[in-house]
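Welcome, and thanks for taking a look at this model with us.

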Amino acid sequence: MTDDGFADQLDAAVRRCGNPVLVGLDPRAESLPPGLIPSPGDWNALAEGFRVFCRDVIDVVAPLVPAVKPQAAFFEQLGPPGMAALADLVRYAQQRGLLVILDGKRNDIGSTAAAYAEGYLGRDGQSPWGADAMTVSPYLGDDSLQPFVETAVRRKAGVFVLVKTSNPGGKMLQDLVVAGRPVYRHLGEYVESLAAQTAGASGYGAVGAVVGATYPDQLVELRRAMPHTWFLVPGFGAQGATARDVAGAFDAHGRGAIVNNSRGIIFAYSAPKYRGMAEPTRWQSAVERATRDMIAQLRAETPAARLVPAGSPSA
C-alpha cells in the first residue's frame, strides 16, 4: 500500500493493470467445482471449500485485475468458520497485490456506524478485517455516513455508497421523485460533495458510488453529475448488462469506474462458452479465459481502452 488515499491507490491499480475489472468473490456451495463440494451441513468443511476455491480464483486473477470484492453474506451464512475464511481471503488477496472491497452494505447511526467503520476499514493492522474499502447503505441519512467517511479518510481507505443499484426493485425508493428530482440524484449530489471534499491527486475522492450497469442511461446521467466519484458498477454478465451498457460509467480517459463480475468469472467453467473446462485441473483456466474475455470486451466497447499506466507522460 502507498501513502496515497484509496482513490489514488485504485486509480493507480486500474492503470497498472490497464483494465477496470473487479472480480466478485461470491462462493456458493451448489456451484463449486467438482472435488470442492463437501457433505451437506458440514459448515467447517464448506467454509474450507470456500476458502480454497476463492484462493484459487485469486491466484488466477491477481496478475490481471486491480481488485476483488468478497460478498460477506456467503461467508456469514456459514457462521464462525465462514467468517474465518473471509478474514483469510482478505489478507491473501492483499498479499497477492489486489485491493479488497468488502461488500457488506453496512450502516447504522452514531457509535454503531463508527463501530462498523472501525472494524472493517484499514489494512496493516488498522482494523480486524483490514478491508481497503466497503459498501454502505445511505438510507439512515447523512449522519450515518459520516463515521464511515471519517474513518476511511483517516485510514486511507474507501467507501462505496449505494446510489442506483442494479436490481429491478431498487426503483421503488431510488426513483421516487422528491423536490423535482429522483432520490438517486439527491443521493448522488451528496456523495459527489463528499468525493470532492476528499479528492486526491487523481481527482477522485475516498467516497464512491454503487451505480448499476443495468441502468445505462442513469450511468451516463450520474457520471456527468459526479465527476469526482469512483463508480462501482455491478450488473455486468449474469445480470444481463454488457460492455456497451457500462461505457457511460467512465470519464473521457477511461477512468473513474470499476466493473464487477462475480458469477460470470468465478463459475465460468459452468457456462456453455467454456464447456469442458469443469474438471478439477481445468476450471481455473475457465476463470482466466473469462477474465481475459471481459477485459477485451471493455477495451473494445468502452473508454477503458484509453487507460494508460500511472506515471507515464500521458497519464
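How many nonpolar, polar and charged residues does the lining of the largest pocket have, by class? The lining has seven nonpolar, 11 polar and six charged residues, where Ala, Val, Leu, Ile, Met, Phe, Trp, Tyr, Cys and Pro count as nonpolar, Asp, Glu, Lys and Arg as charged, and the others, Gly among them, as polar.

A word on the ground rules. This is a predicted model, in which local features need pLDDT of at least 70 and side-chain atom pairs count only at pLDDT 80 or more, while totals for chains, interfaces and linings use all residues. Residues are numbered from 1 along each chain as its sequence is written, and side-chain values use heavy atoms, with hydrogens and water left out.

**The pocket**

The largest pocket holds about 380 Å³ of space. A pocket here is an open set of points on a 1 Å grid over the protein atoms alone, where a 1.4 Å probe fits, with protein on both sides within 12 Å along at least five of seven lines; lining residues have an atom within 4 Å of a point. Of the 24 lining residues, Lys69, Ser166, Pro234, Gln239 and Asn260 lie nearest the centre. Strand S3 (99-106), strand S10 (257-261) and helix H11 (263-266) are the elements giving two or more residues to this lining; helices (H or I, at least four residues) and strands (E, at least two) are DSSP runs, numbered from the N terminus.

**The rings**

The count of aromatic pairs is eight, with rings of Phe, Tyr and Trp (its six-membered ring) pairing if their centres lie within 6.5 Å; planes under 30 degrees apart count as stacked, over 60 as edge-to-face and the rest as tilted. Here are two of them.

| Pair | Centre to centre | Angle between planes | Class |
|---|---|---|---|
| Phe6 and Phe160 | 6.1 Å | 85° | edge-to-face |
| Tyr269 and Trp283 | 6.1 Å | 70° | edge-to-face |

Phe6 belongs to helix H1 (residues 6-17) and Phe160 to strand S5 (residues 158-164), so their pair ties together parts 154 residues apart in sequence. Both Phe6 and Phe160 are buried, meaning under 20% relative accessible area (1.4 Å probe, protein chains only). Tyr269 is buried at 8% relative accessibility, and Trp283 at 4%. Ring pairs also link Phe53, Phe267, Tyr269 and Trp283 into a cluster.

**The cysteines**

There are zero disulfides, a disulfide being a pair of cysteine sulfur atoms within 2.5 Å. Cys17 is buried at 17% relative accessible area, and Cys54 is buried at 0%.

Key: Buried < 20%, exposed > 50% of the residue type's maximum accessible area, 1.4 Å probe, protein only. Points joined across faces, edges and corners; volume = space filled by probe spheres on them.
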